[in-house]
Amino acid sequence: MRGGDAIVHALEKEGVEYITGFAGGGEQPLWPALRQSSTIQVFSARHERQGVEIADGYARATGKVGVALCGTGPGATNTLTGIAGAFADNIPVLLLMGQHPLANMGREIQQEAPSSIFDSFVKWKGTFSRIEDIPAIMRRAFTALRSGTPGPVVLEMPSDVLNSEAPDEVLHYEPVGPGRKPAADPADVERAADILVNASFPILNLGGGVLAAEAWDEARELAEMLSMPVATTLVGKGAFPENHPLSLGGGVYPRSKYASGQALHINRKADAVLAVGNSFRLPNGTDGRPIPPGVQLIHVNADPGDLNKIYPADVPILADAKLTLQSLNQAVRDRIGPGGGGIKEEIVSEIQQARAKWLGEWSPVFNDTTAPTNGYRVVQELMKLVDLDRTIALHDAGGSRGYLSPFWEARRPRNYIGMGGMAAMGWSMGATVGAKLGRQDHLVFNVIGDASFGMVGMEIETAVRMGLPTLTVLLNNGGTGGGLMAMERPNAAPPAMAELGGNFSQVAQGLGAYSERVENPEEVSAALARCIQATESGQAALCEVIIRPLPTPEAPDNWSL
């Protein structure tokens with residue numbers, strides 16, 4: 001068996017269904033087996049970075065490993081932003097990196113880039129330096145991808161090793177299975193249960209680790225037993241249903257960017273905080289302000305680097321979110337007894353009052369008839385049109401994240417796909433294609449700005465070519481929102497750095513998508529409805545709405561009922 005065939009066969013046995021990327025040097029040894037594979041579909045993105053981000057979106061939407069492919073030199077360097085984004089948000093992406101023959105490496109020949117360029121942004125990295133090592137390296141790769149805290153893995157593929165041959169028994173491969181997760185120390189669980197049961201006002205914060213561990217049922221069970229209000233991070237949004245009476249939406253303790261009014265109000269009342277799968281990354285996981293005296297923090301995370309990083313925890317627990325919550329739920333049940341606990345109406349009423357006040361303050365923005373319109377109104381109009389149980393929402397960097405994240409109601413796990421650690425402009429285009437690839441029975445849309453679309457907009461052709469009817473909501477404010485709003489400041493960037501142009505609906509139409517361009521606020525809803533109808537007919541769609549830039553929401557520190 002050839003080395004390239006052995007790699008593909010290992011991918012098949014691990015259940016890989018899709019590989020996306022761009023054809024380039026060093027990939028040729030994989031083509032014979034991939035052309036013959038009955039279970040793996042390989043297809044091209046329009047850029048290597050977006051190939052990784054398609055794999056990233058697929059992984060976030062499904063919980064499976066996303067796989068991408070790139071060629072030598074610039075093919076590999078182009079993927080670095082995508083890999084960095086997956087690393088920052090702990091997403092299991094496997095990158096197969098084409099490479100020159102071993103004998104040529106280090107000689108500075110054309111298109112040579114060492115795999116060391118990824119050293120700061122991977123969970124693990126391997127090189128196929130001998131053909132007989134292929135099974136072991138593939139096992140290590142998938143063990144790293146599925147065990148503990150997820151993260152990207154890069155495998156460097158020297159072409160001479162992949163073109164060489166070895167006996168079938170040497171290259172035999174058995175899949176590693178679902179991976180291994182660390183359980184919590186029972187003593188830590190008992191301490192945490194004592195704190196929560198004896199607290200007068202405990203609250204629950206959920207991060208992306210809850211989605212990665214699929215621990216959403218356990219989180220809901222605990223919240224309902226102890227009547228704990230629940231807030232999520234940007235990446236963890238959707239881990240708790242936001243139509244649940246205990247939901248605070250976004251805004252973890254003590255405060256983070258995009259916090260809802262109800263989270264700001266309730267957070268001030270807490271005397272115990274359970275943070276699960278939350279890295280406390282600035283500014284979307286916290287704004288860094290200290291935890292007040294007298295508030296006890298229990299922090300559960302599978303990555304030791306996240307424990308005690310920003311806040312020293314009273315009970316730090318290095319363990320998997322699902323296993324920990326299962327143990328903690330039993331410990332709490334043992335303490336409150338049969339039939340004990342339950343949702344308290346006075347807490348629900350307070351959350352509802354705060355939510356109503358907060359949304360009421362935003363109502364004039366949501367219903368503003370001024371032209372050009374604003375991004376908040378566009379998002380509200382879209383939310384009225386879709387089935388929230390069968391829709392997957394993605395945001396891009398900058399203003400589009402602020403328009404969508406605080407107000408979109410995420411009712412099911414992985415029906416909202418947020419990113420925050422790297423926040424690369426344009427991420428959502430590839431990620432939307434990947435999410436649709438993995439969840440084809442859902443409407444999948446992204447909200448993106450014109451500056452970001454200008455970087456990656458050609459990726460809509462990938463959706464068209466692959467028959468993936470995605471919806472892109474393009475909010476065009478004529479440039480970079482932050483730059484436009486800061487134009488009058490003496491330290492602002494010059495206008496030529498902030499003001500941009502283009503009719504992107506015409507671009508999308510030229511790439512084969514259904515498209516509309518809307519300038520009248522009163523026509524936004526009807527245009528979005530037609531674009532949704534186009535996706536239901538199997539056509540990728542783009543709705544470009546002309547808006548004026550508005551700042552992202554940030555309530556004052558003293559916001560309360």
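Guide: Helices are DSSP runs (H or I, at least four residues), numbered from the N terminus. A pocket or a cavity is found on a 1 Å grid over the protein atoms alone: in a cavity a 1.4 Å probe fits but cannot get out, while a pocket is an open set of points with protein on both sides within 12 Å along at least five of seven lines; lining residues have an atom within 4 Å of a point. The model is predicted, so local features need pLDDT of at least 70 and side-chain atom pairs count only at pLDDT 80 or more, but totals for chains, interfaces and linings use all residues. Residues are numbered from 1 along each chain as its sequence is written, and side-chain values use heavy atoms, without hydrogens and water.

Start with the second largest pocket, which holds about 410 Å³ of space (a volume is the space filled by probe spheres set on the points, which are joined across faces, edges and corners). Its lining is made of 26 residues, and those nearest the centre are Ala-397, Gly-398, Gly-399, Gly-481 and Gly-482. At least two lining residues come from each of helix H15 (399-404), helix H17 (450-456) and helix H19 (481-485). H15 gives the most to this lining, four residues. By class, the pocket lining has twelve nonpolar, eleven polar and three charged residues (Ala, Val, Leu, Ile, Met, Phe, Trp, Tyr, Cys and Pro count as nonpolar, Asp, Glu, Lys and Arg as charged, the others, Gly among them, as polar).

Four cavities of 30 Å³ or more turn up in a search of the whole structure. The largest cavity contains about 100 Å³. It is lined by 14 residues, and Thr-232, Leu-234, Gly-250, Gly-251 and Tyr-258 are the closest to its centre. Eight polar residues, three nonpolar and three charged make up the lining of the largest cavity.

The second largest cavity has about 70 Å³ of space. Among the residues that line this cavity are Glu-53, Arg-60, Asp-89, Met-419, Met-422 and Trp-427. Helix H3 (48-62) and helix H5 (80-88) each supply at least two residues of the lining of the second largest cavity, and H5 has the largest share, with three. The classes in this lining are five nonpolar, three polar and three charged.
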